[in-house]
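Work through the exercises below with the sequence and the model in view. Each task is followed by its solution in steps.

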Amino acid sequence: MQIELITNSSTETIELGEKLAKVLPNGLTLLLTGDLGAGKTTLVRGIASGLNIKGVVQSPTFNIMKIYLKGDRPLIHIDAYRLADINTDIGLDEYIGYETGLTVIEWPMFIEKLIPEYKIEVQITNLGEDKRKFVFIGDEKLLKDVK
Ligand code: ADP
Ligand code: MG
């Protein structure tokens, strides 16, 4: 199943993330694809806000992974961009799909072998200025609450 949504500002994308934080089940992994500046990290910021995680969520590009434990439930934020071409097992699989929280992965194509079955893919496209398109792809049962 596929759902398409448009946001017209980063605030609207934050609100979309806040909503996702309320409806998505534990153990789920969200795969965020889209060019640099598409809005992947902005959406994660919204998810963090919806989970009552205080503080700034930054793109973890230089950390690869950040785990936020002080919200309503844990948030695992992975940015796999720098793992391109690195063929080393660094144990990320232990955190992906963390069963009492949500996992969000930016640039999932760089860790293809670690992508779990229980997931929603979110394809983000920059439509110019502040307009962004979000296409959610996944199981109907998982997507019914996203709209
Ligand atoms: P990515 O993680 O995909 O590289 P970021 O979320 O870090 O992207 O950056 C998105 C940039 O686009 C930010 O500067 C944000 O303010 C801006 N922006 C403008 N409109 C939107 C929108 N509708 N949704 C998300 N970000 C937007
Ligand atoms: Mg980012």
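**Exercise 1.** Is T41 buried or exposed, and which protein atoms are donors of the magnesium ion (ligand 2)?

Solution. T41 has a relative accessible area of 13% and is buried (buried: under 20% relative accessible area, exposed over 50%, partly exposed in between, with a 1.4 Å probe and protein chains only). This is a predicted model, in which local features need pLDDT of at least 70, side-chain atom pairs count only at pLDDT 80 or more, and totals for chains, interfaces and linings use all residues. Residues are numbered from 1 along each chain as its sequence is written, chains are lettered from A and ligands numbered from 1 in the order in which they are written, and side-chain values use heavy atoms, with hydrogens and water left out.

Next, the donors are T41 (OG1) and E106 (OE), 2.2 to 2.3 Å from the ion (donors: N, O and S atoms within 2.8 Å of the metal, 3.2 Å for Na, K and Ca; water is not among the atoms, so sites may look incomplete). T41 belongs to helix α2 (residues 40-50) and E106 to strand β5 (residues 102-106), so the pair ties together parts 65 residues apart in sequence (helices: DSSP runs of H or I, at least four residues; strands: E, at least two; numbered from the N terminus). E106 is also buried, at 2% relative accessibility.

**Exercise 2.** Which way do the residues of β4 point?

Solution. L75, H77 and D79 point one way, I76 and I78 the other. All 5 of the 5 residues of β4 (residues 75-79) are buried, so the strand is largely enclosed by the rest of the structure.
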